[in-house]
Amino acid sequence: MQWRSSPYDCVVIGAGPAGCTAAALVAERGHATLLLERERMPRFHVGESLMPDTFWTLQRLGILDQLHAAGFVQKVGVQFVSPSGTESQPFYFAEHDPRMCSRTWHVERAAFDQLLFDNAARKGATCVDQTKVVDVRVQPASPHELMLKTADGPQVSIRARVVVDATGQQALLANRLGLRVMNPDLKKVAIWGHYRNARRTAPDTEEITTILHTAGKLAWFWYIPLSGNKVSIGLVGDAAYLLKQDKQPEAVFAAHAEACPALRDRLTDAELVAPLQVVREFSYTTRQHAGDGWVLVGDAFGFIDPVYSTGVLLALRSGELAADAIHAGLIRDDVSAEQLGSWTASYAQGVERFRSLVTAFYTNEFSFADFLRRHPDYRGGLIDLLIGRAFVDSAATLVTDLQHAVQAAQAARVA
Ligand SMILES: Cc1cc2nc3c(=O)[nH]c(=O)nc-3n(C[C@H](O)[C@H](O)[C@H](O)COP(=O)(O)OP(=O)(O)OC[C@H]3O[C@@H](n4cnc5c(N)ncnc54)[C@H](O)[C@@H]3O)c2cc1C
């Protein structure tokens, strides 16, 4: 690998959806762009259920045809199952908006992220895997220096006019600069894996993501049908609760599956494909999203509990918005914090709307069914949010009324 001795225009750290998107859209405008990934690609990752609103960034990246050809299961809706096993009427996206952009996929992330990585290379980015950024030396002014550990050993130093932190939950730069703010109420873990022969409605064609509560609403499962007769199933709960008895993850998973009749039924003939994995998923925000010559995107910007499958949508969207700000800054020779972070305030507003939905989900006294009985006109708006449309003004009124209903439910608990 021949590294540039002069500064790269843009170095993106981390080749998940956020990093690959940012790298592709900066490189295609002709800027010298380097995308670095510490793992060997394709690499395994959690996070398989997309939101339909990913459509717009995927379209701009020019990969919709490849996604159609990849054989991923199409996702057409979302369904919730109560602790007693009562299955909600599914929220079908097309019921509210029949356009193509209202359906999406359940993806195997290794294949999906590889597609994004190859696309960034096609658009002109230099894409290098098995190369870890071990240090970023943020100077008072750009260019900044990055220390790399390459696959064959030697430590390399390069420079960049703009550094994009797309390192996911590692949040390399955000941690170095002490920017992370943890949400103490959402310290969750997930125990998850892939099953074969779990019950599904329509194998390998059109499917829904199902969210199933366990008894007493102490935890919940995701149920994401994938291609090849596989289903991704994950148990999510408070870290302090799920891991408290120091039991093996398999035992914790099995005990909770027993306490979830609708999942038990779906698993009657199922077998685990590979050992279960345990992942931490603590929610957090960052107190500053950009500085002179650097910007945060995707999970490095912030992480929201995965119950509504918001992660990849936010990664793609922030990658796209950051790329536009970087391009505009590079051509004007302005890579200031104001320029690189010019998109972050309105983006953060949309993220907060998703966060309100998450709070509603975890407020046991609150019921979405009751909320919709009181506000039947909001069913379409709620489907819009499940599609991922949190960044439009029309989401604001619904979210405000939702917040009031959740606060009333919380107040009733205290009284
Ligand atoms: C339990 C759980 C379930 C989830 N379910 C869903 C879901 O169903 N749908 C959904 O949309 N989202 C889901 N998510 C969220 C989703 O996984 C993430 O939001 C998404 O992957 C974020 O993309 P990203 O590009 O920001 O980061 P990532 O996809 O994490 O990519 C970051 C990359 O940076 C690399 N990296 C890290 N440090 C360095 C370094 N120092 N040098 C070089 N490379 C580095 C990593 O190896 C990684 O490849 C879930 C998350 C969790 C925890």
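Predicted model: local features only at pLDDT ≥ 70, side-chain atom pairs only at ≥ 80, totals over all residues.
Colleague: What makes Gln2 count as buried or exposed?
Modeller: You count C-beta neighbours inside 10 Å, and Gln2 has 5. The exposed class takes residues with 12 or fewer, so Gln2 counts as exposed.

Colleague: Which residues is Met1 in contact with, leaving aside its neighbours within four places in sequence?
Modeller: Val128 and Thr150. A contact needs C-beta atoms within 7 Å, and Met1 meets that with both of these residues. With Val128, the C-alpha to C-alpha distance is 8.8 Å, although the two are 127 residues apart in sequence.

Colleague: On to some loops. What makes Lys217 stand out in its phi?
Modeller: Lys217 is not a glycine, yet its phi is positive, about 55 degrees. You'll find Lys217 in the loop between strand 11 (206-213) and strand 12.

Colleague: Why is Lys217 called partly exposed?
Modeller: Lys217 has 14 C-beta neighbours inside 10 Å. Exposed would take 12 or fewer, and buried 20 or more, so with 14 Lys217 counts as partly exposed.

Colleague: Which residue does a cis peptide bond join to Met41?
Modeller: Pro42, and omega there is about -5 degrees. Pro42 is in the loop between strand 2 (33-36) and helix 2 (55-61). Another cis bond runs from Ser142 to Pro143, with omega near 5 degrees. Pro143 lies in the loop between strand 7 and strand 8 (144-149).

Colleague: How do you know where the buried residues of helix 8 fall, seen down its axis?
Modeller: Start with who they are: Val252, Phe253 and His256 are the buried residues of helix 8 (residues 249-258). Seen down the helix axis, they fall within an arc of 95 degrees, so they line one face of helix 8. The face turned away from that buried side carries exposed residues Ala251 and Glu258. Part of what covers the buried residues of helix 8 is strand 10 (180-196) and strand 12 (219-225), along with strand 13 (230-238) and helix 7 (239-242).

Colleague: How many residues are in the largest nonpolar core?
Modeller: It has 117, and among those with the most contacts inside it are Val11, Ala22, Leu35 and Val297. Helix 10 gives the most to this core, with eleven residues. In soluble globular proteins, nonpolar side chains tend to be buried together.

Colleague: Which residues is Ala22 in contact with, leaving aside those within four places in sequence?
Modeller: Val12, Val164, Ala166, Val297, Gly319, Ala322 and Ala323.

Colleague: How is the protein divided into domains?
Modeller: Domain 1 (8-64 + 108-179 + 287-349), domain 2 (74-106 + 183-282) and domain 3 (363-414). The C-alpha centres of domain 1 and domain 2 lie 29 Å apart, and their contact takes 13 residues from domain 1 and 18 residues from domain 2. On the domain 1 side, the touching residues divide into seven nonpolar, three polar and three charged.

Colleague: How do you know where the ligand lies relative to domain 1 and domain 2?
Modeller: Both domains give residues to the shell around the ligand, so it lies between them. In all, 37 residues surround the ligand, and Gly16, Gly47 and Gly168 are among the closest. By class, the shell has 16 nonpolar, 13 polar and eight charged residues. Helix 10 gives the most to the shell, with four residues.

Note on methods. Residues numbered from 1 in each chain as written. Near = placed C-beta within 6 Å. Helix = DSSP H or I, 4+ residues; strand = E, 2+ residues; numbered from the N terminus. Nonpolar A, V, L, I, M, F, W, Y, C, P; charged D, E, K, R; others polar. Domains from an automatic or database assignment. Core = buried A, V, L, I, M, F, W, Y, C linked by C-beta atoms within 7 Å. Contact = placed C-beta atoms within 7 Å. Arc of directions from axis to C-beta.
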